[in-house]
Amino acid sequence: MLEMRPDCERCGTDLPADEPGAFICSFECTWCAPCAEALDDRCPNCGGELMDRPTRMGKALAANPASMERKFKG
């Protein structure tokens with residue numbers, strides 16, 4: 001199951017699990033759409049392709065909450 005990390009690793013933008021706009025690599029490094037575009041859809045951590053992260057909504061989100069651990073190092 002995806003962690004659904006709460007923020008962009010590059011700029012710190014909030015990325016709620018129930019909203020579109022997050023991009024992830026196979027290791028779940030997480031980026032907002034503008035940062036993913038600036039990175040040419042390549043993860044700078046692993047070199048992997050950045051893909052749209054699916055959303056988690058309603059009962060699924062309530063039963064399996066998103067991670068609260070922020071990754072932005074500022």
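Asp-41 lies in the loop between helix H1 (33–38) and strand E3, where helices (H or I, at least four residues) and strands (E, at least two) are DSSP runs numbered from the N terminus. The model is predicted, and local features need pLDDT of at least 70, side-chain atom pairs count only at pLDDT 80 or more, and totals for chains, interfaces and linings use all residues. Residues are numbered from 1 along each chain as its sequence is written, and side-chain values use heavy atoms, with hydrogens and water left out.

With a relative accessible area of 35%, Asp-41 is partly exposed; buried means under 20% relative accessible area, exposed over 50%, and partly exposed in between (1.4 Å probe, protein chains only). Asp-41 belongs to a negative surface patch together with Glu-37, Asp-40, Glu-49 and Asp-52. Such patches are made of residues with over 30% relative accessible area and no salt bridge, like charges being joined within 9 Å and nonpolar side chains (Val, Leu, Ile, Met, Phe, Trp, Tyr) within 5 Å.

Strand E1 (residues 22–24) pairs with E3 in the antiparallel sense over 2 bridges; two strands pair if DSSP finds at least two bridges between them. Within this pairing, Ile-24 stands opposite Met-51 in E3.

Across the whole structure, 5 salt bridges are found, a salt bridge being a side-chain nitrogen of Lys or Arg within 4 Å of a carboxyl oxygen of Asp or Glu. In one of them, Arg-70 is joined to Asp-14, with the closest N and O atoms 2.9 Å apart. This pair links distant parts of the chain, 56 residues apart: Arg-70 is in the segment after helix H2 (58–63), and Asp-14 is in the segment before E1. Arg-70 is partly exposed, at a relative accessible area of 43%.

Glu-69 forms a salt bridge with Lys-71, the closest N and O atoms being 3.2 Å apart, and Glu-69 is partly exposed at 48% relative accessibility. In the salt bridge between Glu-9 and Arg-5, the closest N and O atoms are 3.4 Å apart.

Key:
Accessible areas come from the Shrake-Rupley method with a 1.4 Å probe; for residues, only the protein chains shown count as cover. Lys and Arg count as positive and Asp and Glu as negative; His and the chain ends are not counted. The place of a charge is taken as NZ of Lys, CZ of Arg, CG of Asp or CD of Glu.
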